[in-house]
Amino acid sequence: MMRNPIFLFGLIISIALAVSCQPDKKVEQKKTADSVMQRKLANYSKVKLSADLNSLSAQEIKVFSNLIKAANAIDKVYWMQAYGNKDSLLSKISNQDMKEYAMINYGPWDRLDGFTSFTDDFPPRPLGIGFFPSDLNQEEFFNLTDDNKYNPFTIIKRDKKGNLKVIPYRNAFKAELNNAASYLNTAAELAESEEFKIYLQQRAKDLVSDNFEKSDCLWLKLNDSSLDFIAGPIVNSEDHLLWTKYSYGAFILLRNKEWTKKTEKYASLLPFLQKNLPVNDKFKSESNISEANIVIYDVLYNSGYCNAGNKLIGLNLPIGNNHIKCGTRKVHFKNVMQAKFDKILMPISALVIDEKQKRNVNFDSFFLNTIFYEISNELGISNTINGNGDVKDALKEHSNVINELKNDVLRMYLLNQVHEMRQLENINMLENYVTYMADVFRSIRFGITDSQGVANMIRFYYFEEQEAFKYNSKTGTYKINDYKMKKAIESLTKLVLEIQGNGDYAAADRLVKDKGFIRNDLLQDLYRIQRARIPKDLIYDQGEKAIITEN
């Protein structure tokens, strides 16, 4: 039967309207991707690193320019270690926000989220990324007869026939390392400091030989140069297969003489602090300690691992066994700490700290709390006192957590000791306690995927049990009781040092299982912080132009 033309016309229009009203899946997916990536980018605050360059001469600015070029060559090495072909990755990503996030993370895996893929277009991160073939199995690795496979400065690749080959870094990244060395030699020729010149020349040689002992020892003797440069192996934590292969990075630094001088007197108190730990003498360090070598810098430029994801506020160098041969230096980055304090810690404090105690949160306390963490790392023992062997072996999988917890709580005990000695100028310990509490929230936002995260939770719930703080459920804020906080710090310090000294695995296990996780009440506070769009970390607006123009 023939339909009425008007009816047919109406039917066609209805179908057309229905189709036009259906959401375009591709458009919706793009909007979702844009929204997700924008939220991820909001986890980072872009900052210009400020530093006083007035002390640098015109010649040193030229040195700085060549050091940037050397650092950029190291950045190319790290891209190959962290992902592979950078240009190939970026060409596969059309979304500009996603491309920017890939640049921050040096790959398609989110460093703030346990290296999970932030797009379905890429597979999970291989355990041996950049260092081993993704299809390598244990049997193949152990059947490989070349013992250099264990060397921290080698990668393993397949040849055209599929056979495994061990390649030293100096060959695997030959062009990039040669470029870096060339720029270092140019910088050395321009350097006004003879010490710095000799160091840069030796570092250039070491970068192309995979042996850093000579330049590491020279670096520890550097004192007369305003500029400093660190480049090469930084950490071996990105090799999730063997945990041995080192990732490369670079820092260009400006020595902060004012803040280094402030720190020196605290480091010189280390022998006294060792004697006054709240435990029996047998639980203290096996050997006498002179003082910690701590130098404060301002960061001018980062590359490679040093520029990836969560930004470092300090590190201990040199790496590997060179610290035994040459000594160690703890370096801290004052301008990075200041930026994290301003952009992250202060906004968090406004949300979670009691109204009357917010004024106690300040940068000087944040700085001191951080420095004393490193001083605490010098104290303690490595062997048990009762025949249980090495502390690490005795505490097994909990050894790193307990050591982080020791450093974390012992720093506040030591700070109180120094305060009672009247060595802390213009500092009220309540300020350090309140700043310490606020910093807990900055840290635990990264979760409990590592030892430090678990240690954060143990101290938080231990202090809660000891009533070192009280939570106001109406305002969602925390108020510190300075007397009870002091007592809680002392008792937890004693407990942790004795767990280590006795190699008490059962006690360590109880702490981790009872307190080493995030409970629901605390999760609500973390959600509040996230909803407030407070960043988790920083990205740098850096480079010669940014630094020179800013100053």
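Contact here means heavy atoms within 4.5 Å. The model is predicted: local features need pLDDT of at least 70, side-chain atom pairs count only at pLDDT 80 or more, and totals for chains, interfaces and linings use all residues. Numbering runs from 1 along each chain as its sequence is written, and side-chain values use heavy atoms, with hydrogens and water left out.

**Stop 1: Arg442.** Select helix α18, residues 429-444, which holds Arg442. Helices are DSSP runs (H or I, at least four residues) and strands likewise (E, at least two), numbered from the N terminus. Buried means under 20% relative accessible area, exposed over 50%, partly exposed in between (1.4 Å probe, protein chains only). Arg442 counts as buried because its relative accessibility is 12%. Beyond four places in sequence, Arg442 touches Lys340, Ile344, Leu345, Ile348 and Phe366.

**Stop 2: the core.** A nonpolar core is a set of buried Ala, Val, Leu, Ile, Met, Phe, Trp, Tyr and Cys residues joined through side-chain atoms within 4.5 Å. The largest one has 175 residues, and Phe196, Phe229, Phe441, Phe460 and Phe463 have the most contacts inside it. Helix α3 (58-82) gives the most to this core, 12 residues.

**Stop 3: helix α11.** Select residues 257-267; the buried ones are Trp259, Thr260, Thr263, Tyr266 and Ala267. Down the axis of α11, they fall within an arc of 110°, so they line one face. That arc is taken from the directions from helix axis to C-beta atoms. Exposed Lys257, Glu258 and Lys261 sit on the face turned away. The cover over the buried residues includes α12 (270-275), β8 (294-304), α14 (334-352), α15 (363-377) and α17 (399-420).
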